[in-house]
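Okay, thanks for coming, everyone. Let me put the sequence and the model up, and then I'll walk you through a few spots I'd like you to look at.

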Amino acid sequence: MSSTVLHGLAAGYQPERADWTVDQGWARYTAQEHATWQTLYARQSRLLPGRACAAYVQGLQALPISARQIPDFAQLNEVLYRRTRWQLVAVPGLVPDEVFFEHLANRRFPAGNFIRQPHELDYLQEPDVFHDVFGHAPILMNPAMADYIQAYGEGGLKAQRLGFLAQLARVYWYTVEFGLVQEDGQARIYGAGILSSASESVFSLDDDSPHRIAFDVERVLRTRYRIDDFQESYFVLRDLDQLLELARIDFTPLYRRIAGRPELEPGDVLPTDTVLHRGCGRYHQDRPPAP
Ligand SMILES: [Fe+2]
């Protein structure tokens with residue numbers, strides 16, 4: 001997740017290094033911080049069987065990520081780099097968009113080195129080590145996702161120049177963070193924002209409220225999203241290899257096509273959509289509209 005708003009870092013924060021990376025500082029984690037990891041890990045481990053996609057489960061099993069403690073990025077990177085040439089780099093909080101894209105374009109995933117406080121187990125605005133490592137790292141072991149996120153980094157730099165970053169960011173949001181994928185005729189989770197959230201792991205798949213709609217890139221480019229709540233619509237890939245198609249297409253003609261067309265609200269359903277589940281919308285009925 002990227003943002004131009006740096007929530008956890010003091011205004012005027014000056015990074016030590018130009019690429020904003022820091023040492024993970026694994027030895028500095030306290031027993032309380034490892035205990036928070038244990039709680040989050042145990043909760044997701046109960047929820048994810050039958051909900052997470054197979055590629056995620058395989059990635060989690062292959063990486064040195066345990067229930068016991070916050071993982072050491074150096075150990076993770078040995079396995080991850082060997083498989084897909086990706087590595088995690090530690091950052092102290094959200095980083096500026098161009099820094100984020102530059103890392104992704106070079107197959108480095110910026111991961112927060114801090115963990116949420118015990119009173120923030122269910123929601124935090126800034127991605128921490130649990131979100132970034134438990135949510136993102138396993139799926140980076142998948143070759144399609146590995147190529148897709150690199151292409152997104154390259155595409156992000158280009159979209160910034162063309163003035164379509166807000167539109168491209170929606171594609172990242174509805175895939176890498178909140179994506180679902182068809183598997184054996186069922187929707188399964190591959191988005192890190194869902195995989196690292198107990199309540200959304202259930203809501204996204206099992207609740208009647210949200211729509212589940214077949215992914216269509218041009219449609220998603222126009223679709224706004226909720227940053228602070230469950231999604232009103234989830235977009236479902238045919239399979240993870242669809243990400244390879246997304247990694248290879250030139251977005252410039254798509255930007256031209258959507259320019260001037262109306263934006264779509266998070267809960268809109270179009271006659272052209274392939275709707276897998278039409279949500280009743282109950283959850284969001286009494287909530288404020290998306291910002
Ligand atoms: Fe994320």
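So, aromatic pairs: searching the whole structure turns up 21 of them. What I count as a pair is two rings of Phe, Tyr or Trp (its six-membered ring) with centres within 6.5 Å; planes under 30 degrees apart are stacked, over 60 edge-to-face, and the rest tilted. Take Trp37 and Tyr41: the ring centres sit 6.4 Å apart with the planes at 35°, so that pair is tilted. Both residues belong to helix H1, residues 31–47, and they are four residues apart, about one turn of the helix. When I say helix or strand, I mean DSSP runs numbered from the N terminus: H or I with at least four residues for helices, E with at least two for strands.

Quick housekeeping before I go on. This is a predicted model, so local features need pLDDT of at least 70 and side-chain atom pairs count only at pLDDT 80 or more, while totals for chains, interfaces and linings use all residues. Residues are numbered from 1 along each chain as its sequence is written, and side-chain values use heavy atoms, with hydrogens and water left out.

Back to the rings. Trp37 and Tyr41 are both buried, where buried means under 20% relative accessible area, exposed is over 50%, and partly exposed is in between, using a 1.4 Å probe and protein chains only. Now, what kind of pair do Tyr41 and Phe134 make? With centres 5.4 Å apart and planes at 75°, they are edge-to-face. That pair ties together distant parts of the chain, since Tyr41 is in helix H1 and Phe134 is in helix H5, 93 residues apart. Tyr41 comes out at 13% relative accessible area, and Phe134 at 1%, so Phe134 counts as buried.

Next, the metal. Which atoms coordinate the iron ion? They are NE2 of His131, NE2 of His136, and two OE atoms of Glu177, at 2.0 to 2.8 Å. The donor cut-off is N, O and S atoms within 2.8 Å of the metal (3.2 Å for Na, K and Ca), and because water is not among the atoms, sites may look incomplete. Along the chain, the donors follow the spacing H-x4-H-x40-E. The angles between the four donor atoms run from 51 to 135°, which makes the arrangement irregular. For the record, four donors count as tetrahedral if all angles lie between 85 and 135 degrees; four count as square planar and six as octahedral if opposite donors are over 155 degrees apart and all others between 65 and 115; anything else is irregular. His131 is at 6% relative accessibility, so it counts as buried, and His136 is buried at 1%.

Glu177 takes us to helix H7, residues 165–177. Eleven of its 13 residues are buried, so H7 is largely enclosed by the rest of the structure. Among the buried ones are Arg170, Trp173 and Glu177.

H6 has 20 residues and reaches 28 Å from first C-alpha to last, close to the 28 Å expected at 1.5 Å a residue, where the expected span is 1.5 Å times one less than the number of residues. At its start, a side-chain oxygen of Asn142 comes within 3.1 Å of the backbone nitrogen of Ala144. Just after H6, Gly163 has a positive phi of about 85°.

Now look at H3, residues 73–84: twelve residues reaching 15 Å, close to the expected 16 Å. Its buried residues include Phe73, Leu76 and Leu80. At the start of H3, a side-chain oxygen of Asp72 gets to within 2.9 Å of the backbone nitrogen of Ala74.

Arg85 follows H3 and has a positive phi, near 65°, without being a glycine. Arg85 sits in the loop between H3 and S1, and at 47% relative accessibility it counts as partly exposed. Trp20 isn't a glycine either, and its phi is positive at about 70°. Trp20 lies in the segment before H1, and at 10% it counts as buried.

Conventions. A polar contact is a pair of N or O atoms within 3.5 Å; within protein, one must be able to donate a hydrogen and the other to accept it, and residues adjacent in sequence count only if both atoms are side-chain atoms.
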